[in-house]
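Hi,

Here is the model I said I would pass on.

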Amino acid sequence: MAFLATAEVCDSNASHLASGDLRVLHPVFQIYGQCRAFSGPVVTLKVFEDNVLVRELLESRGEGRVLVIDGAGSMRCALVGGNLAQLAQNMNWAGIIVNGCIRDVDEINGCDIGVRALATHPQKSGKKGIGEKHVPVYVGGTLIRDGEWLYADSDGVLISKKTLWSSGTRCPGLYSHMDDGSGFEVQWNQLLTLCNIGSVVLKKKKHTCLF
């Protein structure tokens, strides 16, 4: 699967960064899991030192989504461990962002999933089941809403109001065909109609388009 390069997206979409349609999370997250690059629609969760609802959401079908957990930045316990990371992999979640701590790092690093967290902590969390699902959360210096899109790679994490199409992702009707090396043959009117936010970047055999 092809992934967007977050640096390239930022370089190509200065106006959307300025407007807030595209946001960059503060560089405070550590990288864990086998998938250094991942993306998907966001599912939000707000908890504090309690991971019962984390498990509840990860037990549902992920369908390529990313769970964003606002743990209020607590450094006193872990919200995700090896069992939950394995569960997320089994249920087809693309990734987990934790505004807080994780544990069982060696196990998590063996899972085919992307994980970002502030730090590690050996102590488990409480089990009261208190929290809020699908609510706006403030993580990494930006407000993140349920249903927005998250893109992560080794350079950082982006939040977008709309889907971003990456190189290697064929958008129906976006181009007629690819020639033998000179790049895209593009139907410009159709392209500009599809890219309704208005940001289009075309390179040889590559495109980045905000939808």
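This is a predicted model: local features need pLDDT of at least 70, side-chain atom pairs count only at pLDDT 80 or more; totals for chains, interfaces and linings use all residues.

Which residue takes a positive phi just after H4? That is Asn-92, with a phi of about 65°. Numbering starts from 1 along each chain as its sequence is written, and side-chain values use heavy atoms, with hydrogens and water left out.

Back to H4, which covers residues 82-90. Helices here are DSSP runs of H or I with at least four residues, strands are runs of E with at least two, and both are numbered from the N terminus. The buried residues of H4 are Gly-82, Leu-84, Ala-85, Leu-87 and Ala-88 (buried is under 20% relative accessible area, exposed is over 50%, partly exposed is in between, with a 1.4 Å probe and protein chains only). Their cover includes helices H3 (52-58) and H5 (105-109), along with strands S5 (78-80) and S6 (95-102); contact means heavy atoms within 4.5 Å.

On to the aromatics. There is one aromatic pair in the structure. Trp-149 and Tyr-151 have ring centres 6.2 Å apart and planes at 20°, so they count as stacked. The cut-offs: rings of Phe, Tyr and Trp (its six-membered ring) pair if their centres lie within 6.5 Å, and planes under 30 degrees apart are stacked, over 60 edge-to-face, the rest tilted. Tyr-151 is buried at 4% relative accessible area, while Trp-149 is partly exposed at 24%.

What about the cysteines? The structure has zero disulfides (a disulfide is a pair of cysteine sulfur atoms within 2.5 Å). For Cys-77, the closest cysteine sulfur is that of Cys-101, 7.5 Å away and so too far for a bond. Cys-111 is in no disulfide either, its nearest cysteine sulfur being that of Cys-35 at 9.8 Å. Both Cys-77, at 5% relative accessibility, and Cys-111, at 2%, are buried.

Last, a loop residue to look at: Val-28 sits between strand S1 (22-24) and strand S2 (30-32). Val-28 is partly exposed, at 39% relative accessibility. Leaving out residues up to four places away in sequence, Val-28 touches Ala-117 and Leu-118.

Cheers
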